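Reader: I have just opened this one and would like to walk through it slowly. Could you take my questions as they come?

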Amino acid sequence: MPPTSPPATLRPVVARVAALNLGYFGIEIAVALAIGSVSLVMDSLDFLEDAALNLLIVAGLGWSARNRARLGTGMAFLLLLPALAGAYAAYEKVSDFTPPAPLPLALTGLGALAVNLTCALMLARHRTGSGSLTRAAYLSSRNDAFANLAIIAAGLVTAVIPSPWPDLIVAAGIAVLNADSAIDILRAAAAERRAAR
């Protein structure tokens with residue numbers, strides 16, 4: 001029996017999500033480097049990773065369930081890359097222990113929230129289709145929205161209490177969210193592999 005093909009509407013949705021993520025990566029990394037924010041560096045790398053993830057999904061939509069499961073497993077490990085980059089950025093921040101500019105931090109987080117909510121809404125009706133692939137994209141956008149709320153909060157706290165700690169704490173939280181998503185995607189990919197047997 002041939003594999004069930006995904007809805008025809010899914011491919012253009014995922015392509016638009018990839019374009020939105022790639023565009024906001026450029027904005028966020030520029031602000032992150034300008035104001036010295038570790039959480040924005042982490043989040044911007046997450047946007048880049050999401051763009052790559054969604055482009056891989058576009059490529060993998062026509063694949064069999066077994067091959068989609070393999071791709072889903074690879075994507076789970078891809079979700080861990082921003083955590084490693086964030087750990088390095090945090091290490092660098094220790095040598096220059098100054099707080100990021102609070103207003104650009106909060107405003108950039110607000111922009112990221114708008115992009116991620118848009119992406120999550122676009123993907124929400126497809127989150128159970130195509131197994132681990134669309135689940136990976138949906139979970140990534142959803143979790144990023146939570147991370148953006150934390151970035152906004154870090155900007156507000158930093159405005160009141162100038163300290164690099166809120167930024168560093170949010171960066172650590174983003175790493176934890178990515179690890180949790182990676183575990184969920186691995187579970188979905190394992191279920192897809194079992195179903196393909």
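Reader: Which helix gives the most to the lining of the largest pocket?

Author: Keeping in mind that this is a predicted model, helix 4 gives the most to that lining, with four residues.

Reader: And what volume does the largest pocket have?

Author: The largest pocket has a volume of about 170 Å³. The elements that give two or more residues to its lining are helix 1, helix 2 (38-60) and helix 4 (81-95).

Reader: Which residues line the largest pocket, and how do they divide by class?

Author: The lining is made up of Ala32, Leu33, Gly36, Ser37, Val38, Val41, Ala89, Glu92, Lys93, Ser95 and Asp96. By class, the lining of the largest pocket has five nonpolar, three polar and three charged residues.

Reader: At what angle do helix 1 and helix 5 cross?

Author: The axes of helix 1 (residues 10-35) and helix 5 (residues 102-124) come within 10 Å and cross at roughly 170 degrees. Because angles over 145 degrees count as roughly antiparallel, helix 1 is roughly antiparallel to helix 5.

Reader: Which residues meet there?

Author: On the helix 1 side they include Val13, Leu20, Tyr24 and Glu28, and on the helix 5 side they include Leu105, Thr108, Ala112 and Met122. By class, the contact of helix 1 with helix 5 has 15 nonpolar, five polar and two charged residues.

Reader: Is Glu28 buried or exposed?

Author: Glu28, which has its place in helix 1, is buried, because its relative accessible area is 0% and buried means under 20%.

Reader: What is Glu28 in contact with, leaving aside its neighbours within four places in sequence?

Author: With those neighbours left aside, Glu28 is in contact with Leu40, Asp43, Ser44, Phe47, Thr108, Ala112 and Ile151.

Reader: Changing topic, where is Ala153 found?

Author: Ala153 is found in helix 6 (residues 132-160), and it is partly exposed, with a relative accessible area of 37%. The C-alpha atoms of Ala153 and Gly109 are separated by 8.9 Å, although the two are 44 residues apart along the chain.

Notes
Residues numbered from 1 in each chain as written. Predicted model: local features only at pLDDT ≥ 70, side-chain atom pairs only at ≥ 80, totals over all residues. Heavy atoms only, no water. Axes fitted to C-alpha atoms, helices over the stretch in contact; angles between N-to-C directions. Parallel < 35°, antiparallel > 145°, perpendicular 65-115°, else oblique. Contact = heavy atoms within 4.5 Å. Nonpolar A, V, L, I, M, F, W, Y, C, P; charged D, E, K, R; others polar. 1 Å grid on protein atoms, 1.4 Å probe; cavity = no way out; pocket = protein on both sides within 12 Å on 5 of 7 lines; lining within 4 Å. Points joined across faces, edges and corners; volume = space filled by probe spheres on them. Buried < 20%, exposed > 50% of the residue type's maximum accessible area, 1.4 Å probe, protein only.
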